[in-house]
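Take a walk through this protein model. Begin with the whole chain, then look at single residues.

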Amino acid sequence: MTEIPETQKGCIFYENHGEIFYKDIPVPQPKANEILINVKYSGVCHTDLHAWHGDWPLDVKLPLVGGHEGAGVVVAKGENVTNFEIGDYAGIKWLNGSCMGCEYCQQGAEPNCPAADLSGYTHDGSFQQYATADAVQAAQIPKDADLAAIAPILCAGVTVYKALKTADLRPGQWVAVSGAGGGLGSLAIQYANAMGLRVLAIDGGEEKGDLCKELGAEVYVDFMTEKDIVKAIQDATNGGPHGVINVSVSELAISQSCDYVRALGKVVLVGLPAGAVCKSPVFQQVVKSIEIKGSYVGNRQDTAEAIDFFVRGKVHCPFKIVGLSELPRVFKLMAEGKILGRYVLDTTK
């Protein structure tokens, strides 16, 4: 058995928007219900940027080790843990734990639990070499999985898969993915294809368009060059998409989706730009009878299903591996909208 060190490398910040320190920090000890994971790789999500900036009306713990797309190996476990063994592969998700007793947890909506504990937000996350996770919510990862490749599935994959389920569309119907060239969008295209949907991708730039088409989008609309986005989308889908998955961080794009969605369509909100408001004219919403739905993150069943799509080769996240120490540079690229797919951090570098 690998000896567990007392200290480790991690990225930590002490105040919102403050300096991110790559330094030696203590290795946490698992509680009775937790496992200790030797994190090999961690994806970087836009939520991690929001947590660092303090963008949301939900306080983060400070100091904080961010990250919630961690994939690694179980190296220790608490005395009450029965569903993991030492050496198993395990994943750290956004939802670290919930009460399991409230009305939401009882109906499988653990992410909506008022007492939810969030990895990389209220609980130190995966931007470190060793991290604890509640064994009930930790993801079970098959032993032959590529840990670097599966890391983005633990948040980005689960989140868009749940959003597509929330849209409740039928095979053959159109779904628009707004923000299709990013980490969530690139996976949404693939999950949608695997679920039998026709995909219209929306993003900016030729490079993102090439990526979207390569991943299976039937139509690409470039908001940087298209003069009338609403008309272009409705023309391409013969009346508008039946559903829209909003993973962009543009308030305008979110509100615009209410304009181009088909009558009886569903607008699903996923991306969380700071202070944004979804604006839908009441007359239009009533006459078109559209639904606007929020979709948070998936529960344990959604996670297992999303991972199964990955294991069967139906989805993959385009990603680039860099060292954990390069997290500040990744955040800078993310804030500038310059990331194609996902960045994954190697915790050994």
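A residue is called buried when its relative accessible area is under 20%, exposed when that area is over 50%, and partly exposed in between. Keep these cut-offs in mind as you read. Remember too that this is a predicted model.

Start with Lys-332. This residue has 52% relative accessibility, so Lys-332 counts as exposed. Lys-332 forms a salt bridge with Glu-336. The closest N and O atoms of the two are 2.8 Å apart. Glu-336 has 38% relative accessibility, so Glu-336 counts as partly exposed.

Now step back to the whole chain. The protein chain has 349 residues. Its secondary structure comprises 11 helices and 17 strands. Along its principal axes, the C-alpha trace spans about 60 × 40 × 40 Å. Is the fold compact or extended? A compact globule with 349 residues would have a value near 20 Å. Of the 349 residues, 56% count as buried. The chain exposes about 14900 Å², and carbon and sulfur atoms supply 51% of that area.

One stretch carries a label from a record. An unreviewed UniProt entry lists residues 18-345 as "domain: Enoyl reductase (ER)". Over residues 18-345, the chain is 29% helix and 24% strand. The end C-alpha atoms of this stretch are 20 Å apart.

What does Thr-47 touch, leaving aside its neighbours within four places in sequence? Thr-47 is in contact with Trp-56, His-68 and Trp-94.

Follow the chain into the loop between α1 and β4, where you will find Pro-63. Look at the peptide bond from Leu-62 to Pro-63. This bond is cis, with omega near -5°. Most peptide bonds are trans.

Next, find the salt bridges. A search of the whole structure finds 16 of them. One joins Lys-165 to Asp-302, with the closest N and O atoms 2.7 Å apart. Lys-165 lies in helix α4 (residues 156-167), while Asp-302 lies in helix α10 (residues 300-311). The pair therefore ties together parts that are 137 residues apart in sequence. The two partners can be compared with the cut-offs above. Lys-165 is partly exposed, with a relative accessible area of 34%. Asp-302 is buried, with a relative accessible area of 4%.

Lys-162, Lys-165, Asp-302 and Glu-305 are linked in a network of salt bridges. Elsewhere, the side chains of Glu-291 and Lys-293 meet in a salt bridge of 3.7 Å, N to O. Glu-291 counts as partly exposed, at 35% relative accessibility. Lys-293 also counts as partly exposed, at 24%.

Charged pairs are one theme; nonpolar side chains are another. Val-282, Phe-283, Val-286 and Val-287 make a nonpolar surface patch of about 470 Å². Val-287 is found in helix α9, which covers residues 282-288. The relative accessible area of Val-287 is 57%, so this residue is exposed.

Finish with the backbone. Most residues other than glycine have a negative phi. Which values do Asp-168 and Leu-264 take? Phi of Asp-168 is near 55°, a positive value in a residue other than glycine. Asp-168 lies in the loop between α4 and β10. With a relative accessible area of 53%, Asp-168 is exposed.

Leu-264 has a phi near 70°, which is positive in a residue other than glycine. Its place is in the loop between α8 (251-260) and β14 (266-269). Leu-264 is exposed, with a relative accessible area of 62%.

Note on methods:
Residues are numbered from 1 along each chain as its sequence is written. This is a predicted model: local features need pLDDT of at least 70, side-chain atom pairs count only at pLDDT 80 or more; totals for chains, interfaces and linings use all residues. Side-chain values use heavy atoms; hydrogens and water are left out. Contact means heavy atoms within 4.5 Å. UniProt positions are given in the numbering used here, feature names are shortened, and annotations may be inferred rather than shown by experiment. Helices (H or I, at least four residues) and strands (E, at least two) are DSSP runs, numbered from the N terminus. Patches are made of residues with over 30% relative accessible area and no salt bridge: like charges are joined within 9 Å, nonpolar side chains (Val, Leu, Ile, Met, Phe, Trp, Tyr) within 5 Å. Accessible areas come from the Shrake-Rupley method with a 1.4 Å probe; for residues, only the protein chains shown count as cover. A salt bridge is a side-chain nitrogen of Lys or Arg within 4 Å of a carboxyl oxygen of Asp or Glu. Buried means under 20% relative accessible area, exposed over 50%, partly exposed in between (1.4 Å probe, protein chains only). The radius of gyration is taken over C-alpha atoms; the globule rule is 2.2 Å times the number of residues to the power 0.38.
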